[in-house]
Each structure stands twice: as C-alpha cells, then as structure tokens.
Amino acid sequence: MSANHNRPLSEVEIRVKALESLLVEKGLVDPAAVDALIDNYEHKVGPRNGARVVARAWVDPAYRERLLADGTRAIAELGYSGIQGEDMVVVANTPDTHNVIVCTLCSCYPWPTLGLPPVWFKSAPYRSRVVSDPRGVLKEFGLAVPAEKRVRVWDSTAELRYMVLPERPPGTEALSEDELAALVTRDSMIGVAEVKGVTA
Amino acid sequence: MNGVHDLGGMHGLGPIVIEKDEPVFHHEWERRVFGMFLPVFATGAFNIDEFRHAIERMGPEYLQTSYYEHWLAAFETLLEEKGMISAEEFSARRARIAEEAR
C-alpha cells in the first residue's frame, strides 16, 4: 500500500490505520464488516428514505395520523428502522408552525430516514445558535419565516430522534407519490428549508 | 454533566458553513472510522453512553476537532481504558505505520 502514497500520512490517518490494524489483528473487527457498513451508509441509506415517508404522509391521511402518533412504527411500515432511528418523533409543519431539529449536546440524527448528517448539522455554530436565534439561523439557510408564524426547535436526547414533516407545496395535487417524494429535500426534513412546488 | 459539548445557546462560535452537494465522507480515514463504529460496539467492550461520555471528556480540543476525530478519540480512550489496546502497543503501531508510509 505504501507505494501508492505520494505524500506523508497525516497524524489522524496514522491513528486510524493503527487502530484498525490492531483491532483486526486481535480478531475484534472484521474488515469486511467495516466495508459493508461504509457501503450501506454511503450508497443505500439516505434522505430518499425520509422523502418516501413524507410523500406517503401527504397522500394517505391515515398514514399521516399513524406517523405523527408513533413515528418509529409508521416509518418501519415502509421498511426503515434500526440504529439511530429506534425512537422517532415526527413533527409536522403547519400554516401556523415551522419546526426545526438540532442536537445541541451531540450530533444525534435519524440515520434510517435521513442518512448520515451533513457537517454543518454537527458543527458548533449550528448547534449553539439554532436554539437561541432560530429565525436568524433559518435566514442563513435562505428561509425567512414570517413573524406571525411560530418556530419550534426540537433538541434530541440521547435516545430520541426528530424528523420534520414539511408542508405539501401548493400546485402538487396532480403529482404521484413518487413525484412528490422527488420534491422532498433533506433540508426540508431537518427544517432549514421548505419543500418547493413544481415550477411550471 | 455540564461540559464543552453542551453548546446550546453559546455565543461566538462563528458562521454556519453550508457545503453544497456535500459528500457523505470527506476523507478515506473518515470512512474507516465510521465503518468501525458497529464492529467496535459488537465487541461488547463499551456501550453507546460510554462512547458519548468519552467524547464529552475530550476537553478544549473538542471544539478544534471534527466529528469523526471525536469518534476516533473516544475509540482510543475506551479501548485503552477497557484493556483492549494498551497505550504502548498503540504507540508502537503508529510509529510503524508512519515509518512504512515514508
């Protein structure tokens, strides 16, 4: 492997290689299991899962009701469950209320529905400020919430993960569930964006 | 427990940097650290709360290091504390890898 390097390894690269090689040597970690986990979260699990949950809730009022009553179970109906999604609470945006999620203490995020979090979600500036100045933070994301609309910020605990159910945009009545899912962005399920309608 | 990780409401931590079309991982070493997550827990050496607490014990460098560096630091701390990898063998292995990469 060393022949491939055209630069010295960084300190952090050396630590990671040392750790993995010792764990593998001791038989504690199987490198194939490491590869499989990386592949799954880099290529398979991601916000398209959450988008399908949102689209289903938009077209099926009974599903929406189940989703808001017991998020974990309703999300599992669509096949999404597991680590970092064991206790899900879905909060719905309405004409009166906009919701946004954070984890001030850590970087908790609903992996089964949204995949792994973006760097800004895990960063100190977002975590510190979204709870004290949510409207200002949302503005930085290009979302100006009208003064008369309430903003609610949901801060994860060690166990519980939140996800936002955005409002269905107007003008989408004729769209299929798949077409609706294609409109739903990761940021709209974190609550730093709204779902935009179709531009005709 | 209160600590450097308890960031809610803290002032002066700078602007939020939003990366467009951000990749899931930025470096190969981040992939490897992430990939060790479940296998390391599967050894039963420690649980998720101990893992989180190890990150919270990091001290001031918490704010100067990235998310996957936090994970790496927690793995190192706990694997040593639980007697899975000694400080001496970890240090020797780091030296060998640095030497081989030259």
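Two residues are taken to be in contact if their C-beta atoms, placed from the backbone, lie within 7 Å. By that criterion, 47 residues of chain B are in contact with 48 residues of chain A. The model is a predicted one, in which local features need pLDDT of at least 70 and side-chain atom pairs count only at pLDDT 80 or more, while totals for chains, interfaces and linings use all residues. Residues are numbered from 1 along each chain as its sequence is written, and chains are lettered from A in the order in which they are written.

**The side of chain B that touches chain A**
- At least two residues each are supplied by helix 1 (28–42), helix 2 (48–56), helix 3 (67–81) and helix 4 (87–100) of chain B, helices being DSSP runs of H or I with at least four residues, numbered from the N terminus.
- Helix 1 of chain B gives the largest share of this side, 11 residues.
- By residue class, this side divides into 27 nonpolar, six polar and 14 charged residues, where Ala, Val, Leu, Ile, Met, Phe, Trp, Tyr, Cys and Pro count as nonpolar, Asp, Glu, Lys and Arg as charged, and the others, Gly among them, as polar.

**Domains of chain A**
- Chain A is divided into domain 1 (9–43) and domain 2 (46–190), with bounds that come from an automatic or database domain assignment.
- Between the C-alpha centres of domain 1 and domain 2 of chain A the separation is 31 Å.

**A:Ile14**
- A:Ile14 lies in helix 1 (residues 11–25) of chain A, and, leaving aside its neighbours within four places in sequence, A:Ile14 is in contact with A:Leu9, B:Arg94, B:Ile97 and B:Ala98.
- A:Ile14 counts as partly exposed because it has 19 C-beta neighbours inside 10 Å, given that a residue is buried with 20 or more other C-beta atoms within 10 Å of its own, exposed with 12 or fewer, and partly exposed in between.
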